[in-house]
Amino acid sequence: MAADMSTSFTIEKFEGYLVIKLDSKIEQVSVKEFETQMGSISSNGFVIVNCDSLQIIPRDWLRVLLKLHLNLKKENKFLKLIHINSSLMNFLKKEGVDATFRISKDLRDALIETGLSPKRTLDTDFINPFLNATINTLKIQAQISAEAGQVYVKKPKELIQGDISGVIGIVSDSFNGSVVITFPEKVFLKIISNMLGEEYSKIDNEIVDGAGELTNMIFGQAKVVLNEKGYGIKTAIPSVVCGKDHSLSGLTKGPVVIVPFTTEFGQFFVEICLSN
Amino acid sequence: MFDPKTKVLVVDDMLTMRKIVTKILRELGFTDISEAQDGNEAWEKVKLGNVGLIISDWNMPNCTGLELLKKVRADQDYSKIPFLLVTAEAEQGQVSEAIRSGVDQYVVKPFSKEGLKAKLELTHKKTSARKLA
């Protein structure tokens with residue numbers, strides 16, 4: 001995951017494609033390393049070049065990309081440029097290569113157009129990262145084992161009751177949604193007591209934002225996994241709803257799935273909603 | 001490892017997270033720990049002087065951890081303060097941006113005491129070399 005400060009590009013490999021991110025300080029680094037790396041990736045699949053923040057692509061770098069494009073073409077694969085701003089588009093036109101490269105708005109569109117995009121449905125591909133993140137977060141941060149139960153679709157008038165909930169919006173360029181984690185007081189207090197290393201007997205201002213922090217950690221881990229698949233989910237800040245036996249509904253329009261989790265201290269629920 | 005008397009500034013908008021980091025720091029022997037709720041409050045505390053280590057959340061309202069990092073690195077009086085970013089979203093683009101902005105290490109949430117300790121040791125190793133250079 002770490003990037004070297006001296007490089008002006010990074011390469012991330014995914015199943016069926018890789019993403020090259022060009023840095024805005026591209027002109028300060030020798031093109032030789034770039035050329036060497038590009039020469040070795042032509043058979044790995046589709047290549048997506050993220051040009052976010054670039055105003056131009058230096059000619060020697062452009063030449064390397066053109067060479068890569070031609071190599072990929074021989075294998076019936078191709079190279080796509082994404083995040084092209086108007087300055088860079090003008091530059092590509094001026095250089096006469098705007099029609100040579102395939103251009104997409106962002107990673108998600110590029111993956112849709114290459115047939116690699118994940119479906120925008122509440123399937124296991126989308127749900128499992130949240131499920132794994134929930135188990136991982138409780139294990140590492142609170143030393144509590146949680147077991148996921150049967151995932152089910154929430155019924156139209158079904159209400160999940162709890163005493164404290166963490167809520168976070170799922171926002172991307174092409175769909176929205178939400179994640180709600182609802183705890184009964186007893187389970188929440190045990191989790192927080194373990195996290196902070198002292199016993200709490202009631203939910204008060206000192207610990208109430210713990211529900212938001214747990215939601216944030218779970219969302220953050222799931223977001224990384226989903227964005228590697230091209231979902232393009234943006235950063236969000238969680239909020240907390242607190243009240244005895246409260247229930248939340250209608251946060252976003254769309255199907256909702258519920259994942260019940262069991263711990264030795266009781267159950268809690270993760271609700272995931274996705275709407276296009 | 002850092003001298004336990006090092007003044008540590010813990011920055012996070014979430015009280016719970018500040019308490020978790022502070023608890024671990026105390027268990028590691030640190031005694032001089034102060035807290036700030038966002039980058040703006042943290043910057044005011046940095047300017048009071050003597051901060052020897054900043055552990056800051058990334059995603060905060062008002063002034064993010066990355067904005068705080070850039071402010072610290074841009075001011076020659078404070079630019080060498082060891083800086084550790086805490087994030088729940090370690091995506092490569094973000095990490096690259098933090099490295100370019102001069103972060104010393106980053107910690108991905110959730111993390112254990114051992115995880116934070118290892119990152120602190122790496123931070124100390126890196127910043128000690130910087131002081132010698």
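Me: What is the strand order of the open sheet of 5 strands in chain A?
Reply: Happy to start there, with the reminder that this is a predicted model, where local features need pLDDT of at least 70, side-chain atom pairs count only at pLDDT 80 or more, and totals for chains, interfaces and linings use all residues. Residues are numbered from 1 along each chain as its sequence is written, while chains are lettered from A and ligands numbered from 1 in the order in which they are written. Strands are DSSP runs of E with at least two residues, and helices are runs of H or I with at least four, numbered from the N terminus; two strands pair if DSSP finds at least two bridges between them. With mixed pairing, the order in chain A is β1-β2-β3-β4-β5.

Me: Which strands are the edge strands of this sheet?
Reply: An edge strand here pairs on one side only. From one strand to the next, the twist averages 25 degrees, with axes being lines fitted to C-alpha atoms (for helices over the stretch in contact) and angles running from 0 to 180 degrees between N-to-C directions. The edges in chain A are β1 (9-14) and β5 (102-104).

Me: How far apart do the C-alpha centres of domain 1 and domain 2 of chain A lie?
Reply: Chain A is divided into domain 1 (9-114) and domain 2 (124-275), with bounds from an automatic or database domain assignment. Their contact takes 5 residues from domain 1 and 6 residues from domain 2, where contact means C-beta atoms, placed from the backbone, within 7 Å. On the domain 1 side, helix α4 (residues 107-114) of chain A gives the most, with 3 residues. The C-alpha centres of the two domains lie apart by 38 Å.

Me: Which elements of chain B give two or more residues to the side that touches chain A?
Reply: Here 23 residues of chain B are in contact with 29 residues of chain A. The chain B side divides into 11 nonpolar, 6 polar and 6 charged residues (Ala, Val, Leu, Ile, Met, Phe, Trp, Tyr, Cys and Pro count as nonpolar, Asp, Glu, Lys and Arg as charged, and the others, Gly among them, as polar). The elements in question are α1 (15-27) and α4 (92-100) of chain B.

Me: Is A:N76 buried or exposed?
Reply: A:N76 lies in the loop between α2 (59-74) and β4 (79-82) of chain A. Its phi is near 60 degrees, a positive value in a residue other than glycine. With 6 other C-beta atoms within 10 Å, A:N76 is exposed.

Me: Which residue does a cis peptide bond join to B:K109?
Reply: Most peptide bonds are trans. In this cis bond, omega is about -5 degrees.

Key: Contact = placed C-beta atoms within 7 Å. Buried ≥ 20, exposed ≤ 12 C-beta atoms within 10 Å, placed from the backbone.
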